[in-house]
Amino acid sequence: MLQVAFIRENKELVINRLAKRNIDATEMINNVITFDEERRSLQTELDNTLAESNSLSKEIGNLFKSGEVQKANVLKEKTSQLKEISKELSEALNQKVEALNDLLYKIPNIPNEIVPKGNTDEDNEEVFRAGETPNLHEGALPHWELAKKYDIIDFELGNKITGAGFPVYKGKGARLQRALIAYFLDKNTAAGYTEYQLPHLVNEASGFGTGQLPDKEGQMYHVTADNLYLIPTAEVPGTNIFRDVVLNESDLPIGITGYTPCFRREAGSYGAHVRGLNRLHQFDKVEILRVEHPSKSYEALEGMVAHVKSILEELKLPYRILRLCGGDLGFTSALTYDFEVYSTAQERWLEISSVSNFETFQANRLKLRFKNNEGKNELAHTLNGSSLALPRVLAGILENYQTESGIVIPEILQPYTGFKIID
């Protein structure tokens, strides 16, 4: 969440930047400032009351020692009144802090100054494009038909076992899936990221820490009996490794990677664009996360973008990079680049990665700090990116690499699959 001090000192900037998200935040920001003034006033009053009570307690002790019992008893009566007042002030302060935090949780991150204005994904800016679109043979098929033709993914079986959006990978389809995971992890660890195996369920504090709660509560699977949530991305457990942690400046930067299944309810997602692997309730993803010094986080973001580009270059898939507009920007992000692979059979772009800088937004929730060279605690910057999300990468490979005699495996993956073609 945004820092109150930053809001107080940069009120107009915050309102103007949030306007890029098509949000009129004037009332919310004014309320934050008002609540904070009231909180500080209550805190001052409470501190003064406690200080007076402590001072009287010392004076009462001295009076008893000197035998002035009557005066001491008069002051004891006053300290009882002060204790009651301090109790009331403490309760009022807690209520004000809770109201302030509830409001702060509802305010999204402010977009970076280079984020374009816009309302929907149609207003995103294309900043890079690479790769040649293959000329497919006549009668080329979309991936869901290829999956059935070669018996590598069974959507109907997944529907029987669980429901729509839970596919079953079979034979060479399962091996290709495993090959992609291993390849992505190898690429990431070779680039300096430390591999982690992370929990697939998280507690409520972790959901709040990275901003999924309360913003995306309706999109998460909730295990109500234990109040745990199935993870929508490895970003959640991975970033929460650093919750309530104070790092040394020399610890930075930190980079981790991990493979997890991901679970998203995707409520309200219907239509032809969600067929096959295009949108699932359970899918596999390899994530990269960074904890950075604030002065170096945007350099790190560019490095993450370059890293994902290198993977797509090796897979030889046609892709483009978009800078998300304010209206399409995620709740916690200050700047996001989306990668999309071109699906030749579907004749449309499919999102396969988002690479984002959250600046201090998550770190403030997480209380993720580092001790700077002046010995003061400072909020770190957090970043994350998909490297990569498997379903649409797999869809892109199946569709773009199809031939009349089968689906050719990208050369970079062949040592991982152990086969060169699905036929």
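## An exposed aspartate

Asp-244 is exposed, at 51% relative accessible area. Exposed means over 50%, buried means under 20%, and partly exposed lies in between (1.4 Å probe, protein chains only). Asp-244 sits in the loop between helix 9 (235–239) and strand 8 (246–248). Helices (H or I, at least four residues) and strands (E, at least two) are DSSP runs, numbered from the N terminus. From Asp-244 to Lys-65 the C-alpha to C-alpha distance is 46 Å, and the two residues are 179 apart in sequence.

## Basis of the model

This is a predicted model: local features need pLDDT of at least 70, side-chain atom pairs count only at pLDDT 80 or more, and totals for chains, interfaces and linings use all residues. Residues are numbered from 1 along each chain as its sequence is written, and side-chain values use heavy atoms, with hydrogens and water left out.

## Aromatic pairs

Rings of Phe, Tyr and Trp (its six-membered ring) pair if their centres lie within 6.5 Å; planes under 30 degrees apart count as stacked, over 60 as edge-to-face and the rest as tilted. By this rule there are 7 aromatic pairs. One of them joins Tyr-105 and Phe-208. The pair is tilted, with 5.2 Å centre to centre and 55° between the planes. Tyr-105 belongs to helix 4 (residues 69–105) and Phe-208 to helix 8 (residues 204–210), so the pair ties together parts that are 103 residues apart in sequence. Tyr-105 is partly exposed at 23% relative accessibility. Phe-208 is partly exposed too, with a relative accessible area of 24%.

Tyr-342 pairs with Trp-349. Their ring centres are 5.0 Å apart and their planes are at 65°, so this pair is edge-to-face. Tyr-342 counts as buried, at 17% relative accessibility. Phe-128, Tyr-319 and Phe-339 make up one aromatic cluster.

## A negative surface patch

Asp-121, Glu-122, Asp-123, Asp-328 and Glu-351 form a negative surface patch. Patches take residues with over 30% relative accessible area and no salt bridge; like charges are joined within 9 Å, and nonpolar side chains (Val, Leu, Ile, Met, Phe, Trp, Tyr) within 5 Å. A salt bridge is a side-chain nitrogen of Lys or Arg within 4 Å of a carboxyl oxygen of Asp or Glu. Asp and Glu count as negative, Lys and Arg as positive; His and the chain ends are not counted.

Glu-351 lies in strand 13 (residues 348–359). Glu-351 is partly exposed, with a relative accessible area of 33%.

## Cis peptide bonds

Leu-213 and Pro-214 are joined by a cis peptide bond, with omega about 0°. Pro-214 is in the loop between helix 8 and strand 6 (222–223). A cis peptide bond also joins Ser-387 and Leu-388; here omega is about 5°. Leu-388 is placed in strand 16 (residues 381–389).

## Positive phi angles

Asn-227 has phi near 55°, a positive value in a residue other than glycine. Asn-227 lies in the loop between strand 6 and strand 7 (228–230). At 31% relative accessibility, Asn-227 is partly exposed.

Glu-347 is a residue other than glycine with positive phi, near 55°. The loop that holds Glu-347 runs between strand 12 (335–343) and strand 13. Glu-347 is exposed, at 62% relative accessibility.

Notes. Areas by Shrake-Rupley, 256 points an atom, 1.4 Å probe, with all protein chains shown as cover. Charge placed at Lys NZ, Arg CZ, Asp CG, Glu CD.
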